[in-house]
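Student: I have not worked with this structure before. Could we go through it together, one topic at a time?

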Amino acid sequence: MAIAGLAYSQTRFFDEDIANFSFGATGWPRAICLLIALGATCQLVYKLAGRGEEAEEPSSATGAATQDGGHRLAQRAAIFVLPFVYLYVTPLIGFYVATPVFIVALLLLLEVRSPLVIAGVTGIVYILILLIFTRFFYVALPNGRLDGFYEFNNAIIAIARTGL
Amino acid sequence: MDLFFGGTLALFGSFHTSLIFALGLVGGMLFGAIPGVNMLTLGAVLLPFTATMDPTEAVMLFSVIYCAGVFGGAITAILFNIPGAPENAPTCFDGYPMTQKGEAGKAIGAAVMCSAVGGVASAILMMTATGLVASFAIRSFGPPEIFALIFFGLAVSASIGAKTLWKGWLSVFAGLLIATVGTDPVAGVPRFNEGSFFGLQYQSYYLSAGIHFIPMILGFFAVSEVLAQSINISKGTRERPKAALDFPSLAEFWRVRFTMLRSIVIGFFSGVLPGIGATLAAFLGYSQAQRWSKNGKNFGKGELEGVVASETANNSATGAAMIPLLALGLPGGALTAMIMGIFQIHGMEPGPLIFINSSDLVWVTFAAMFWANVAIIGLGWVQTKTVVHILRIPFRWLAPGILMLATVGAFGLRNLMIDVWVMFLAGVVGYFLRATGYSAAGIVLGLILGKLGESAFAKSMQLMDFNLLGFFERPIAAILILLGLAAIVTSIVSEIRGKEIQKALLD
């Protein structure tokens, strides 16, 4: 309901008439918002009538959380937060610097403790990305905006494309 | 028949052509299997090189990539819950639960056989009925019929993967709403790219380009799966699936023969229609299999029939997609548009005359698509016996690779970090959707068909002078809309009555 209401309210910013199309630019999105509101009402009625199965089943996402200690909760929160930290820093320090750090952090979060495995997995994934996407497909991955990192990322790209 | 044998001889008569065929097959399968990098990527990379190739070999190469690419995406869908392409999304519903039950070999075996059967059947239909089917589809299917077909497709597929009917519909509506971000299809008015709520202003020119479905698919399936498994690891509840190598038995295939036949018909007719193609075919094939199966309640829990339905239907669409291209010069999708480009690079014009002027080219293409689908059995069998061993690698070692592949795939689409943000946000949303019974597949279906549906609706309204009842004045559109409405009514009734029966049993 909230999503439908919010989206409907935003349609006023593009409420323009279109020549030869009487529904305008807002007709279709508004109809969908109303359908979402209708669907949500049906789901609510359905649940209030005691027919929603999920009312009886505790959510697996929240059910076990309360049984664990703070360490586990922090670990789970970090699993969700880490990708967004990676996304935030990648344009700044570049893909080729941020990626190995991200992989190592993720492996540690997934309770991998063997240095050999951490080095092996990080190395294999990194080299495969360099070979497939940087060398062969020329994907223009972010090379960083900060001084120093920009040059370092470009150096790695140059090494990956040696001989081409 | 002579023409087909002639095409086959030309295909395998020279080492050079055979080599191109083999490379196209392996390349298509590999690119289809890597999420974010699909057969279109391979096609785009190879397209410039076709200028120096013989046109027959170039068109043949792209046709083989098309057949193999549609199959390739099933492997990662089954093993890791990551569809290689949108048309493999319904394969996840039962393929991945089968992997979790230790039946990965069976699921991949079924995908191999059914992709091959669907593709071969489609190739045979393409060879025998190209002219007939093309003229019917183009004469009879205008925007109102396409809108009606999309409505019907959504009506019968809405509840796939959701806990309740309403949650299924809400998921589809959410996908349709996301599809409206960008520009409107009639006048190009920007939508949802600027505004304000609670006093906060926002503006993003990235949103003017719309939200692409590839990052959403990668997020909902790949990222949310990695998150779910990572949480299971932190809880200590994750069980590693067994890497079983069993191939489905002949008896099991015989049991699902009607599902295969139904999916071939659905896939073929969906594939003929421009823009609809393999994705709707796979969803329709799956939903109809669930509807008519004796084991309908087991769908989504690792039912072989679900994999059979989805993979047969999406590969059946491959041959059909070539029909409007060859017979009328109308490409129905991105890869067929690339094939159209090859024709133009070589100064040729696809259309009815191509069957007279370049008969050799047409029959080599037909033969290549036929044999590519046959070859899928052999290559797929080898994959069944080899790729499944990936499951022996601990998931925590694979997770970084899966995430990085998805990240580069989402970024590489348009070289935009916003696509990677969308992917990770969709991953987090997808994780909670799973826990609350909404359907990620429904959102993806709504997103893919939303733009196409709105465009078809707008054109229909202009054609019918804004008379909504005009749909009922066109027989095919009327039948499809009535069938869609019937599907909605029966699903609502069965949802309510089903729960009443369940409640009575509990009481």
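Student: To begin, what percentage of the residues of chain A count as buried?

Tutor: Please keep in mind that this is a predicted model. Of the 164 residues in chain A, 26% count as buried.

Student: And how many helices and strands does chain A have?

Tutor: Chain A has seven helices and zero strands. Read from the N terminus, the order of its elements is α-α-α-α-α-α-α.

Student: Among contacts in chain A between residues at least 6 apart in sequence, what percentage join residues at least 24 apart?

Tutor: That share is 53%.

Student: What is the average pLDDT of chain A?

Tutor: The average is 85, and 88% of the residues score at least 70. Among the elements of chain A, the highest mean pLDDT, 95, belongs to H5(A), and the lowest, 48, to H3(A). Over residues 54-65 of chain A the pLDDT is below 50, and this stretch has 12 contacts in the model beyond near neighbours in sequence.

Student: Where do the axes of H5(A) and helix H17 of chain B stand relative to each other, and at what angle do they cross?

Tutor: The axes of H5(A) and H17(B), the latter covering residues 395-414, come within 9 Å and cross at roughly 145°. The crossing of H5(A) past H17(B) is right-handed. On the H5(A) side the contact is made by Thr99(A), Ile103(A), Leu106(A) and Leu107(A), and on the H17(B) side by Arg396(B), Ala399(B), Pro400(B) and Met404(B). Six of these residues are nonpolar, one is polar and one is charged.

Student: Now for chain B itself. At what angle do helix H13 and helix H14 of chain B pack?

Tutor: H13(B), residues 304-328, and H14(B), residues 334-345, pack at about 35°, and their axes are 10 Å apart. H13(B) also passes H14(B) in a right-handed crossing. Ala321(B), Met322(B) and Leu325(B) of H13(B) meet Thr336(B), Ile339(B) and Met340(B) of H14(B). By class, this contact has five nonpolar, one polar and no charged residues.

Student: How many residues are in the largest nonpolar core?

Tutor: The largest nonpolar core has 200 residues, and those with the most contacts inside it include Phe62(B), Ile78(B) and Val223(B). Helix H4 of chain B, residues 55-80, gives the most to this core, with 18 residues.

Student: Which residues does Val223(B) touch?

Tutor: Not counting residues up to four places away in sequence, the residues that Val223(B) touches include Leu218(B), Leu403(B), Met423(B) and Phe424(B).

Student: One last residue. Why does Val374(B) count as partly exposed?

Tutor: Val374(B) counts as partly exposed because 13 C-beta neighbours lie inside 10 Å, whereas a buried residue needs 20 or more and an exposed one has 12 or fewer. Val374(B) lies in helix H16 of chain B, residues 359-386. Leaving aside neighbours within four places in sequence, Val374(B) is in contact with Ala116(B) and Val120(B).

Key: Residues are numbered from 1 along each chain as its sequence is written. Chains are lettered from A and ligands numbered from 1 in the order in which they are written. This is a predicted model: local features need pLDDT of at least 70, side-chain atom pairs count only at pLDDT 80 or more; totals for chains, interfaces and linings use all residues. A nonpolar core is a set of buried Ala, Val, Leu, Ile, Met, Phe, Trp, Tyr and Cys residues joined through C-beta atoms within 7 Å. Helices (H or I, at least four residues) and strands (E, at least two) are DSSP runs, numbered from the N terminus. Two residues are in contact if their C-beta atoms, placed from the backbone, lie within 7 Å. pLDDT is the predictor's confidence in each residue, from 0 to 100. Axes are lines fitted to C-alpha atoms, for helices over the stretch in contact, and angles run from 0 to 180 degrees between N-to-C directions. A crossing is left-handed if the near helix is turned anticlockwise from the far one by less than a right angle, and right-handed if clockwise. Ala, Val, Leu, Ile, Met, Phe, Trp, Tyr, Cys and Pro count as nonpolar, Asp, Glu, Lys and Arg as charged, and the others, Gly among them, as polar.
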